Structures are given as C-alpha cells and as structure tokens.
Amino acid sequence: MAEEGDRLYVVTADEISDRRRALGKLLIWGSFGLLVAMFAVQWLAQAGTLPIDFASWRPTLYAALFWAVCLNVAQVVLYGERGKRTLFVLPAALFVIFVVVFPLIFALSIAFSDWNLASIDGRKFNGFDNVVQMWNDPFYWNSLKNMVYYTAAILVEYAVAFGLALILASEIRARKFFRVAFLLPLMLSPVAVSWMIGKSMLEGRFGPIARLARTLGWDRPAFFSEPEIARAMIMIMDAWTFIPFMMIMLLAGLQAIPREVQEAARVDGASGWFGFWQVTFPLMLPVSITAILIRIIFKLKLADIIITVTSGGPGGATDSVTSFIYREYRDRSNVGYGTLLAIVYLVLIVLAITLFMKLVDRWMNPRY
C-alpha cells in the first residue's frame, strides 16, 4: 500500500481463486477452439470435402470477433487489476492482426494461385507459375524502372518546395495571399488535376498549351505520344499537385527556427547563401527528411494521374507499379498474378524505406 501523500500507486496482484482462473482459461481456449473449428469447417466446405454451403466467410469472422472479446475479458478474470492495464494495448494489437495480418496471409494464398475472374473454374493453386510470369514480364520491370525516375524527381520537387518556403517565410508583400494561392493545387484531387491539365490544357488538338506550342513552331504537339515527353508530363502534373505539401512542411520548419539564431549568424558574417548552407539548411534537416520520406510514400502510390491521362501508355512508358497492378485487376481480371505483384512491391517498399532510414541515420549521426 502506498504511503500517505505518495501519488504513485503501485498495482498489486489480486488474489485469484482457482475457479476464477479456470474460468479465464476456459474463455480463452474455448473461444479459440471454436474459431479453429469454424475455420476448419469453412475451409473443408470450400474445398468440397464437406457437403455444407457457406455463402461467405462471415461465420469465421464472427467466431474471430467472439474470440477477441473473450480474450479481453479473460485478462481481467485471470489477472484482476493488472489485466485491466492490458486492455489499453490488447484491443489495438488485435485490430492490427485482423486488419493487416489476416488479410496479408489470405493475400499470400491468392498470390500462389491461378484466379481469373473471367474463368468459370475459380481459384486453383499453381505453385510458382506467377513468380515465373513476373520474372519474365517486361512491362512489370518497366514500371519498376519508371518508379525510380518518379522517385528521383522528388529531389527537384524538394528544391522547388524549399525555394517557395523561403520566399513565403520572408517579408514580402501579399504574403498571406501567396500562401493560400500556392496551396490551391494540394486542395484538388489528382483525378481533377488529370482532367484539368492532362485531358484539357494538354490536349493535342484544341488544348491551349498545344495551340501555344503550334504558335511557337511545334507543328504537331503531342504531349503523351512520345515516351520521354509523356513521362515528364506525368512528373510535372504530380509535382504540381504535391509540391505545396512539402512547401507547407518546410515553411513550418523555417518559422520554428528562433530568430536569435539567424540574427547571431548575421552578426558573425554568415549571411546570404553562406548563411543558408551553414545555418538554415542544417537546422532544417529533420523537417526536410520527414517531408521527403512522406513524399516518397505518396509517390510510391502514384496511380490516379497515370490511369486517368495515359492508362500507362504509350506502350507502358508512363506506367507506375500501382497503375500496372490496377490494370491487371481491371482489364485482365487476373487476381492471382496481380496479388503477387502487389506483395512483391510491398516487400520492395519496406526494404527501400528501411534502407533510406538507415542511410539517413548514418548520415545525420555518424559513428566514429
């Protein structure tokens, strides 16, 4: 028992009777056994072994939810006050298991199967056939190569966003107006940007930019017919949409720098370009890394603009991995192969982000 005046109360173990302990174990293992049994019955029914017809996997879902509730209740039954503290973490952990782990396991089972929605045969296990198909698929590797180009363009976006942030952080006229104006592209959805710019302004026959290009001497302006030009246009539209996001983060970082630091740097002679590289840029590194990392995550999901404007063309020149996988589902109804591509892409993303974070940590915190 805590001393008088001491506000740190230590939770002691409750005296749990044998009957109560047995009830807690019964809740856990009984509900888990019900879940396993329901899953086995539904799996055998799906395989045609049992003459039972289930319309969906909903009974197993209900059994899983029942097990989750019993598991939480059993913590209090078994451990008393200590078990109540577990309830602050356990529901969130179970939610992650249900929403992330179980669907990922199900996706793995689909990835190694031949499942075309246009076929009447349904899903069939095909081993490593999808892996072999992926290895020999030039369009998939081309989409991965395009993602390298798209991701590398983030460095240019960062430079532009940093420049805009520096301008908006300085004492200029109509600063509030420009801050709102520069944020407008971020308020638009990528699909709206695709139609407004890609389908309207860059339209080859009647678009205003195409007319201007003909006036300047380009006889047949085609912004999405040549692979290099089409890829560049996709980069520009995506950058126009998301540069304001990086700009607002960098602007917040610039405004958080104490004025005393900048004034002291000016007194010491570190002004202008030298002051930026020696004072401002190093202080902005944590914010810059965060902005770049979040932008990379958004870039790796690039699909809306490509699907709306080019559908991956010409000849897959503008395809991202996400848009390519989307077309595998939509156009070819190839669920098994598309799921395998998505899982491989997920693994590559995790490895790339992990490597990026390790390199950043080694750069910012060198160990001698």
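A pocket, as I use the word here, is an open set of grid points with protein on both sides within 12 Å along at least five of seven lines, and its lining residues have an atom within 4 Å of a point. One more reminder to myself: this is a predicted model.

**Entry 1: the largest pocket**

I started with the empty space. Rolling a probe the size of a water molecule over the atoms shows where empty space is left. The largest pocket holds about 960 Å³. I counted 20 residues in its lining, and Phe-39, Trp-57, Thr-60, Phe-102 and Phe-106 sit nearest the centre.

Which elements give two or more residues to this lining? I found helix 1 (18-47), helix 2 (58-79) and helix 4 (90-111). Helix 1 gives the most, with 7 residues. I then sorted the lining by class and got 16 nonpolar, 3 polar and 1 charged.

Is Gln-42 buried or exposed? Its relative accessibility is 1%, so I put it down as buried. Leaving out residues up to four places away in sequence, Gln-42 touches Phe-54, Ser-56, Trp-57, Arg-58, Pro-59 and Thr-60. Two of those names were already on my page: Trp-57 and Thr-60 are among the residues nearest the centre of the largest pocket.

Next I picked Ser-109, in helix 4. Ser-109 has a relative accessible area of 33%, so I noted it as partly exposed. I also checked Ser-109 against Thr-339: the two are 230 residues apart along the chain, yet their C-alpha atoms are separated by 9.4 Å.

**Entry 2: the second largest pocket**

I moved on to the second largest pocket, with about 610 Å³ of space. Here 21 residues form the lining, and those closest to the centre are Ala-169, Ser-170, Gln-262, Arg-266 and Thr-280. At least two lining residues come from each of helix 7 (154-169), helix 8 (175-187), helix 11 (227-256), helix 12 (259-267) and helix 13 (272-283).

How many residues of each class line this pocket? I counted 8 nonpolar, 7 polar and 6 charged. For comparison, I looked back at the largest pocket, with its 16 nonpolar, 3 polar and 1 charged.

In soluble globular proteins, nonpolar side chains tend to be buried together. I went looking for such groups here. The largest nonpolar core has 57 residues, and Tyr-140, Phe-162, Phe-224 and Met-237 have the most contacts inside it. Helix 11 supplies the largest share of this core, 13 residues.

Setting aside neighbours within four places in sequence, Met-237 is in contact with Val-193, Ile-197, Gly-198, Phe-224, Ile-305 and Val-309. I was pleased to meet Phe-224 again, as it is also one of the residues with the most contacts inside the core.

Apart from this core there is another, of 11 residues, including Ile-28, Leu-35, Leu-90 and Leu-94.

**Entry 3: salt bridges**

My search of the whole structure turned up 8 salt bridges. I wrote up a few.

Asp-238 and Lys-299 meet through their side chains at 2.5 Å, N to O. What does this pair tie together? Asp-238 is in helix 11 and Lys-299 is in helix 14 (residues 285-300), so the bridge joins parts 61 residues apart in sequence. Buried means under 20% relative accessible area. Asp-238, at 3%, therefore counts as buried, and so does Lys-299, at 1%. Both residues also belong to a network of salt bridges that links Glu-157, Asp-238, Arg-295 and Lys-299.

Glu-81 and Lys-84 form another salt bridge, at 3.1 Å, N to O. These two are 3 residues apart in helix 3 (residues 81-86), which means that about one helical turn separates them. Glu-81 is partly exposed, with 37% relative accessible area, and Lys-84 is partly exposed too, at 39%.

I noted Asp-331 as partly exposed, at 44%, and Arg-330 as partly exposed, at 42%.

Conventions. Residues numbered from 1 in each chain as written. Predicted model: local features only at pLDDT ≥ 70, side-chain atom pairs only at ≥ 80, totals over all residues. Heavy atoms only, no water. 1 Å grid on protein atoms, 1.4 Å probe; cavity = no way out; pocket = protein on both sides within 12 Å on 5 of 7 lines; lining within 4 Å. Points joined across faces, edges and corners; volume = space filled by probe spheres on them. Helix = DSSP H or I, 4+ residues; strand = E, 2+ residues; numbered from the N terminus. Nonpolar A, V, L, I, M, F, W, Y, C, P; charged D, E, K, R; others polar. Core = buried A, V, L, I, M, F, W, Y, C linked by side-chain atoms within 4.5 Å. Buried < 20%, exposed > 50% of the residue type's maximum accessible area, 1.4 Å probe, protein only. Contact = heavy atoms within 4.5 Å. Salt bridge = Lys/Arg side-chain N within 4 Å of Asp/Glu carboxyl O.
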